[in-house]
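Please look through the sequence and the model below before reading on.

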Amino acid sequence: MTEPISLERFPLHLSLGARAVAQPEFTGMEWYASYVERNAADGNEGRLVSLYSFSESWTSWERHPVGDEAVICTAGEITLVQELQDGPHKTTLRAGEYAINPRGVWHTADIANHATALFITAGVGTEHRPR
(Lines give C-alpha, C1' and ligand atoms only; values in the text may rest on other atoms or scores of the structure.)
Protein backbone atom coordinates (compact mmCIF):
# COMPACT_ATOMS: atom_id res chain seq x y z
CA MET A 1 0.00 0.00 0.00
CA THR A 2 1.27 3.48 -0.82
CA GLU A 3 1.03 6.66 1.23
CA PRO A 4 -1.64 9.23 0.28
CA ILE A 5 -0.55 11.88 -2.22
CA SER A 6 -2.13 15.33 -2.63
CA LEU A 7 -3.68 15.50 -6.11
CA GLU A 8 -3.64 19.31 -5.96
CA ARG A 9 0.12 19.31 -5.46
CA PHE A 10 1.10 16.18 -7.42
CA PRO A 11 -1.02 15.55 -10.53
CA LEU A 12 -1.49 12.03 -11.85
CA HIS A 13 -0.78 10.65 -15.31
CA LEU A 14 -2.94 7.83 -16.69
CA SER A 15 -0.55 5.94 -18.94
CA LEU A 16 -0.77 3.24 -21.58
CA GLY A 17 -1.26 -0.23 -20.18
CA ALA A 18 -3.76 1.07 -17.59
CA ARG A 19 -0.96 2.43 -15.39
CA ALA A 20 -1.27 5.37 -12.99
CA VAL A 21 1.95 7.38 -12.63
CA ALA A 22 2.42 10.02 -9.90
CA GLN A 23 3.93 13.24 -11.27
CA PRO A 24 6.34 15.73 -9.70
CA GLU A 25 4.90 18.64 -7.75
CA PHE A 26 3.04 21.21 -9.85
CA THR A 27 5.08 24.42 -10.00
CA GLY A 28 3.15 26.60 -12.46
CA MET A 29 2.53 26.87 -16.18
CA GLU A 30 6.09 25.80 -17.08
CA TRP A 31 5.33 22.44 -15.42
CA TYR A 32 3.14 21.44 -18.38
CA ALA A 33 6.03 21.42 -20.89
CA SER A 34 8.01 18.99 -18.76
CA TYR A 35 4.86 16.89 -18.21
CA VAL A 36 4.54 16.36 -21.97
CA GLU A 37 8.24 15.47 -22.25
CA ARG A 38 8.08 13.02 -19.30
CA ASN A 39 5.11 11.20 -20.78
CA ALA A 40 5.87 11.49 -24.51
CA ALA A 41 5.93 7.72 -24.98
CA ASP A 42 2.16 7.64 -24.40
CA GLY A 43 1.53 9.91 -27.39
CA ASN A 44 -1.98 11.31 -27.57
CA GLU A 45 -3.52 8.56 -25.42
CA GLY A 46 -2.12 9.53 -22.00
CA ARG A 47 -4.31 11.60 -19.68
CA LEU A 48 -3.44 14.17 -17.05
CA VAL A 49 -5.57 14.07 -13.89
CA SER A 50 -5.36 17.22 -11.78
CA LEU A 51 -7.31 18.97 -9.04
CA TYR A 52 -7.45 22.74 -8.68
CA SER A 53 -9.19 25.16 -6.35
CA PHE A 54 -10.17 28.59 -7.66
CA SER A 55 -11.30 31.81 -6.03
CA GLU A 56 -11.11 33.92 -9.21
CA SER A 57 -12.16 33.55 -12.83
CA TRP A 58 -9.52 32.35 -15.27
CA THR A 59 -7.43 35.01 -17.03
CA SER A 60 -6.85 32.91 -20.16
CA TRP A 61 -8.49 30.55 -22.64
CA GLU A 62 -7.20 27.07 -23.42
CA ARG A 63 -7.90 24.21 -25.79
CA HIS A 64 -6.77 20.61 -26.12
CA PRO A 65 -6.29 19.61 -29.78
CA VAL A 66 -5.76 15.85 -29.28
CA GLY A 67 -8.76 14.94 -27.10
CA ASP A 68 -11.67 15.87 -24.89
CA GLU A 69 -11.33 17.16 -21.33
CA ALA A 70 -13.66 16.12 -18.50
CA VAL A 71 -14.25 18.76 -15.82
CA ILE A 72 -15.78 17.47 -12.58
CA CYS A 73 -16.82 20.02 -9.94
CA THR A 74 -16.09 18.68 -6.47
CA ALA A 75 -16.95 21.79 -4.40
CA GLY A 76 -18.49 25.20 -4.97
CA GLU A 77 -19.61 26.34 -8.40
CA ILE A 78 -17.68 26.78 -11.66
CA THR A 79 -19.08 28.15 -14.92
CA LEU A 80 -17.38 26.82 -18.03
CA VAL A 81 -17.41 29.08 -21.06
CA GLN A 82 -16.84 27.39 -24.43
CA GLU A 83 -16.39 29.05 -27.84
CA LEU A 84 -18.59 26.88 -30.04
CA GLN A 85 -19.29 27.37 -33.75
CA ASP A 86 -22.69 28.90 -33.00
CA GLY A 87 -21.27 31.26 -30.36
CA PRO A 88 -20.30 31.19 -26.67
CA HIS A 89 -21.88 28.54 -24.46
CA LYS A 90 -21.94 28.63 -20.64
CA THR A 91 -22.43 25.62 -18.36
CA THR A 92 -22.55 26.02 -14.59
CA LEU A 93 -21.38 23.03 -12.57
CA ARG A 94 -22.03 22.35 -8.90
CA ALA A 95 -20.44 19.70 -6.69
CA GLY A 96 -20.88 16.25 -8.21
CA GLU A 97 -21.60 17.51 -11.75
CA TYR A 98 -19.36 17.33 -14.79
CA ALA A 99 -19.11 18.65 -18.32
CA ILE A 100 -16.89 17.91 -21.29
CA ASN A 101 -14.73 20.40 -23.16
CA PRO A 102 -14.65 18.83 -26.64
CA ARG A 103 -11.38 18.36 -28.50
CA GLY A 104 -10.10 21.64 -29.95
CA VAL A 105 -12.75 23.90 -28.35
CA TRP A 106 -11.45 27.06 -26.69
CA HIS A 107 -12.70 27.27 -23.09
CA THR A 108 -12.29 29.27 -19.91
CA ALA A 109 -14.03 29.42 -16.53
CA ASP A 110 -15.80 31.92 -14.32
CA ILE A 111 -15.76 31.55 -10.55
CA ALA A 112 -18.29 33.49 -8.44
CA ASN A 113 -16.89 32.61 -4.99
CA HIS A 114 -14.87 29.45 -4.72
CA ALA A 115 -14.72 26.17 -6.62
CA THR A 116 -12.67 23.00 -6.77
CA ALA A 117 -12.62 20.87 -9.90
CA LEU A 118 -11.04 17.65 -11.07
CA PHE A 119 -9.73 17.71 -14.65
CA ILE A 120 -9.01 14.70 -16.88
CA THR A 121 -7.17 16.14 -19.84
CA ALA A 122 -5.56 15.06 -23.09
CA GLY A 123 -2.62 17.35 -22.31
CA VAL A 124 -0.44 17.00 -25.41
CA GLY A 125 -0.45 20.18 -27.47
CA THR A 126 -2.58 22.22 -25.08
CA GLU A 127 -2.72 25.85 -26.21
CA HIS A 128 -3.38 29.04 -24.23
CA ARG A 129 -4.32 32.60 -25.14
CA PRO A 130 -5.19 35.67 -23.07
CA ARG A 131 -8.82 36.21 -22.17
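## A threonine in a strand

Thr-79 lies in strand S5, where strands are DSSP runs of E with at least two residues, numbered from the N terminus. Thr-79 counts as buried because its relative accessible area is 14%, and buried means under 20% (1.4 Å probe, protein chains only).

The side chain of Thr-79 makes a polar contact with that of Thr-92 at 2.9 Å; such a contact is a pair of N or O atoms within 3.5 Å, one able to donate a hydrogen and the other to accept it, and residues adjacent in sequence count only if both atoms are side-chain atoms.

## How the model is read

This is a predicted model, in which local features need pLDDT of at least 70 and side-chain atom pairs count only at pLDDT 80 or more, while totals for chains, interfaces and linings use all residues. Residues are numbered from 1 along each chain as its sequence is written, and side-chain values use heavy atoms, with hydrogens and water left out.

Strands S1 (residues 12-15) and S2 (residues 19-22) run antiparallel and are joined by four bridges, where pairing requires at least two bridges found by DSSP. His-13 stands opposite Val-21 in S2.

Technical notes:
Buried < 20%, exposed > 50% of the residue type's maximum accessible area, 1.4 Å probe, protein only.
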